[in-house]
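Hello,

Here is the structure I promised to pass on to you. Please have it open while you read, as my notes follow below.

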2 protein chains.
Amino acid sequence: MAEFFDVLSLPEAGRIITENWPRPAVKKVGLEEALGRTLAAEVIAGEDLPPFPRSTVDGYAVLASDVHGASETIPAFLSLVGEIAMGFPPGIEITSGQCAWIPTGGMLPAGADAVVMVEYTEGLDQETVLVTRPVAVGENVIRTGEDCRMGEQVLPAGHALRPQDIGVLAALGITEIPVFSRLRCGVISTGDEVVTVDATPAMGQVRDVNSYVLGAALKRRGVDTRYYGVVADDFIRLQEKIAAALAENDLVVMSGGSSVGDRDLSLEVLLSFPESRLLFHGLSIKPGKPTLAVRIGSQLVLGLPGHPVSALMVLEVLLEPVLPEGLRGTCTAVLTDNVASQAGRDDFVRVKVDYSSGVAKAIPVHGKAGLIRVMSEANGFIHIPHQKQGLSKGETVIVRLF
Amino acid sequence: MAEFFDVLSLPEAGRIITENWPRPAVKKVGLEEALGRTLAAEVIAGEDLPPFPRSTVDGYAVLASDVHGASETIPAFLSLVGEIAMGFPPGIEITSGQCAWIPTGGMLPAGADAVVMVEYTEGLDQETVLVTRPVAVGENVIRTGEDCRMGEQVLPAGHALRPQDIGVLAALGITEIPVFSRLRCGVISTGDEVVTVDATPAMGQVRDVNSYVLGAALKRRGVDTRYYGVVADDFIRLQEKIAAALAENDLVVMSGGSSVGDRDLSLEVLLSFPESRLLFHGLSIKPGKPTLAVRIGSQLVLGLPGHPVSALMVLEVLLEPVLPEGLRGTCTAVLTDNVASQAGRDDFVRVKVDYSSGVAKAIPVHGKAGLIRVMSEANGFIHIPHQKQGLSKGETVIVRLF
């Protein structure tokens with residue numbers, strides 16, 4: 001445990017990331033561009049929804065008191081006084097003993113307080129309808145404002161818009177939606193052994209995996225990603241690359257190079273920038289201990305581990321408080337094996353969630369940290385909080401899918 | 001149950017949709033555009049990964065047999081013959097009694113078969129290293145091809161690419177990825193009572209919600225969506241609108257207008273096109289009974305219910321077999337209430353999944369089908385298969401998140 005004494009807990013890191021996260025600008029987008037965008041302000045209903053009482057079925061608008069006690073043997077007789085046309089005000093009023101034909105979605109005529117489904121009626125002649133079942137007041141009707149009331153908050157600020165939310169905005173006629181601009185993030189891979197993906201690696205070299213993994217993970221959370229390629233562990237070249245990325249983005253994510261202990265080139269270079277401040281260096285999580293965060297002016301730079309699997313998991317964990325994906329990224333499952341963990345640090349264990357048995361099972365995916373394909377075999381990971389010494393087979397766990 | 005005799009079961013509908021789904025073209029995209037795209041062909045590793053044995057830790061490359069039985073009290077003494085530089089072949093060979101410094105990710109020198117972590121060593125002088133723990137053969141080493149072997153399938157055709165998959169492609173140097181082109185879908189709302197979102201509805205009218213809900217749901221599954229607006233229940237106008245949408249898209253999704261029984265204008269119009277064929281009209285699901293599918297030439301038209309909530313859920317269910325979102329869209333949760341259902345049909349019940357207690361709970365969201373905001377309150381729905389008569393409080397259910 002001694003090695004974790006000078007490193008930060010995950011909740012503390014989350015708080016620091018949140019405090020230092022770049023503030024995106026606010027812009028307006030139309031309904032067609034709103035998917036996945038984050039609301040920059042709460043949405044208040046400017047009107048009642050629906051603005052008039054609507055039928056939810058095809059049938060007859062009636063006064064409930066007129067059909068009280070109606071049955072197959074003793075039906076209620078009502079005189080048909082008209083037909084409600086879709087999209088128009090009724091133009092008629094119902095009084096006791098009367099009814100009007102109304103289609104699903106049609107506007108309830110004045111005087112009526114319920115709708116009888118057509119299945120429970122019979123047309124006796126052109127002017128008379130038999131009703132064979134009673135209805136309660138308000139039955140088969142959506143009242144004015146039942147969906148939402150004018151002045152009510154319908155969506156809070158900070159909410160990420162899903163199709164169903166966009167439907168609410170459309171219903172209220174809100175066609176200019178205040179959302180946060182997408183953040184721009186520069187992605188840099190470092191390491192003397194890393195070559196670009198189009199190169200043929202010589203012995204001892206590997207291709208740049210992290211740029212694309214981290215870039216896609218950022219993109220999936222709505223961040224615009226720019227790729228700055230690979231840079232060797234060289235002070236001047238690294239400084240130039242970071243300066244270029246800072247000039248064009250709100251934040252920068254780098255991977256490799258960062259390690260606790262010995263000389264840390266990334267950190268030295270980052271702290272050489274004016275107005276730079278170390279936020280943290282080292283986290284009590286596994287994987288991800290050698291993670292760093294530096295603030296440079298109003299911008300944020302994250303330094304992630306070099307192993308792609310570790311880099312991706314740490315990025316997902318760090319982004320969670322600032323760019324939540326909502327429940328899409330989470331499920332619960334039954335653990336299929338014991339998983340050991342060390343008290344005093346937050347462990348993250350890759351799992352494959354399998355639904356084939358009908359019950360979600362989380363199967364721990366083993367494999368060394370440097371392997372790449374295990375990333376793809378896993379579809380999520382579980383979090384063992386620092387207070388716990390592992391999880392037991394059969395336990396229900398919350399899985400973050402990725 | 002009689003009303004469901006002439007309608008189709010969900011699995012049958014899924015089979016029909018799958019058979020008649022438009023075939024997208026195949027194109028190549030780069031790693032930076034690959035997120036969320038579907039592989040049009042399997043991916044085979046063109047080389048071993050890693051192409052050489054790599055250390056997973058900072059330490060010393062050794063022969064395991066040399067440090068057998070080493071301990072704090074009786075350490076093994078090894079002569080240091082060199083240092084492995086990142087990104088270069090070792091240039092040295094280890095024989096018995098020798099070791100070489102190796103960084104994480106460095107290439108294992110010939111002769112060595114394991115790496116001792118630096119934590120379990122001590123430099124006695126410039127030429128001698130003490131090792132205080134034994135290692136097994138292969139310990140702290142990723143073998144050549146351990147990640148994947150040349151010729152092995154690493155990703156199957158039809159797989160939707162996540163960040164971690166893109167990492168695998170990058171590692172293998174696969175920079176031109178064969179994926180399916182995005183399908184283009186035209187979206188049409190029908191109904192005499194429906195006005196465009198920028199209009200102020202008169203009494204009896206409502207704004208077009210479905211275009212935006214369905215458009216966003218399609219977009220979220222990677223379909224390019226074009227909006228064709230609102231069309232009244234008029235044969236000629238509807239025919240013109242559908243013809244325009246068919247001319248520019250691979251498929252068309254319309255909502256409203258479709259209802260089982262009486263005259264069905266949408267169906268009449270669709271069957272007026274040359275080479276049109278009714279695939280189904282009416283499904284044994286709730287909501288969603290009045291759903292239809294028509295094939296026109298090589299194109300597909302889906303007719304969904306008019307209620308936005310129903311239209312969205314039916315679309316999600318119908319797209320599942322052809323455009324699966326994978327596990328991102330699914331979780332398990334404990335049902336908080338009994339939910340009734342009728343045998344003989346597939347029921348879908350909206351739920352709100354709540355994680356606040358630490359255990360995922362699925363809280364049924366009640367509300368009439370015509371309400372719009374309940375769509376937004378729910379974040380998923382559960383499926384009650386046709387064989388079941390409801391679900392009980394406390395049961396674990398699979399939730400499709402949306």
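**The sheet in chain A**

In chain A, strand 18 and strand 20 (residues 292-296) are antiparallel partners, joined over 5 bridges. Within that pair, Arg277(A) has Arg295(A) of strand 20 as its bridge partner. Please keep in mind throughout that this is a predicted model.

These strands belong to an open sheet of 6 strands in chain A, with the order 16-13-17-21-20-18 and mixed pairing. Its edges are strand 16 (224-231) and strand 18 (276-281) of chain A, each of which pairs on one side only. From one strand to the next, the twist averages 20°.

Two helices lie across strands of this sheet. Helix 3 (residues 210-220) of chain A lies across strand 13 (184-190), strand 16 and strand 17 (251-255) of chain A, at about 160° to strand 13.

**Parallel strands in chain B**

In chain B I looked at strand 13 and its partners. Of the 7 residues of strand 13 of chain B, 6 are buried, so that the strand is mostly covered. Strand 13 of chain B runs parallel to strand 16 of chain B, with 6 bridges between them; here Gly186(B) has Arg226(B) of strand 16 as its bridge partner. Strand 13 of chain B is also parallel to strand 17 of chain B, through 5 bridges, and Ile188(B) is partnered there by Met254(B) of strand 17.

How many of the 5 residues of strand 17 of chain B are buried? The count is 5 of 5. Both faces are covered, with Leu251(B), Val253(B) and Ser255(B) buried on one side and Val252(B) and Met254(B) buried on the other. As a reminder, in a regular strand the side chains alternate between the two faces of the sheet. Strand 17 of chain B also pairs in the parallel sense with strand 21 (residues 299-304) of chain B, over 5 bridges. In that pairing, Met254(B) stands opposite Gly303(B) of strand 21.

**Two helices of chain B**

Helix 4 (residues 235-248) of chain B has 14 residues, which at 1.5 Å a residue should span 20 Å; its end C-alpha atoms are 20 Å apart, in agreement. Its buried residues are Leu238(B), Lys241(B), Ile242(B) and Ala245(B). Why do the buried residues of helix 4 of chain B line one face? Seen down the axis of the helix, they fall within an arc of 95°, so they share one face. The general rule is that an α-helix has 3.6 residues a turn, so residues three or four places apart point the same way. The buried residues of helix 4 of chain B pack against strand 13 (184-190), strand 16 (224-231), strand 17 (251-255) and helix 5 (265-271) of chain B. On the other side of helix 4, Ile236(B), Ala243(B) and Ala247(B) are exposed.

Helix 6 of chain B has 12 residues, and all 12 of the 12 are buried, so the helix is largely enclosed by the rest of the structure. Among the buried residues are Pro308(B), Ser310(B), Glu316(B) and Leu319(B).

**Where the chains meet**

The contact between the chains takes 78 residues from chain B and 78 residues from chain A. On the side of chain B that touches chain A, the elements that give two or more residues include helix 2 (163-171), helix 3 (210-220), helix 6 (308-319) and strand 26 (396-401) of chain B. Helix 2 of chain B gives the largest share of that side, 8 residues. The residues on this side of chain B divide into 44 nonpolar, 18 polar and 16 charged.

**Backbone points to check**

Most residues other than glycine have a negative phi, and most peptide bonds are trans. The following stand apart from that rule:

- The peptide bond from Leu49(A) to Pro50(A) is cis, with omega near -10°; Pro50(A) is in the loop between strand 2 (43-44) and strand 3 (54-55) of chain A.
- The bond from Leu49(B) to Pro50(B) is cis, with omega near -10°.
- Asn140(A) has a positive phi, near 60°, and is buried, with 23 other C-beta atoms within 10 Å.
- Glu275(B) has a positive phi of about 60°, and is exposed, with 9 other C-beta atoms within 10 Å.

Best wishes

Definitions and conventions: Residues numbered from 1 in each chain as written. Chains lettered and ligands numbered in written order. Predicted model: local features only at pLDDT ≥ 70, side-chain atom pairs only at ≥ 80, totals over all residues. Helix = DSSP H or I, 4+ residues; strand = E, 2+ residues; numbered from the N terminus. Expected span 1.5 Å × (residues − 1). Buried ≥ 20, exposed ≤ 12 C-beta atoms within 10 Å, placed from the backbone. Arc of directions from axis to C-beta. Contact = placed C-beta atoms within 7 Å. Nonpolar A, V, L, I, M, F, W, Y, C, P; charged D, E, K, R; others polar. Pairing = 2+ DSSP bridges. Axes fitted to C-alpha atoms, helices over the stretch in contact; angles between N-to-C directions.
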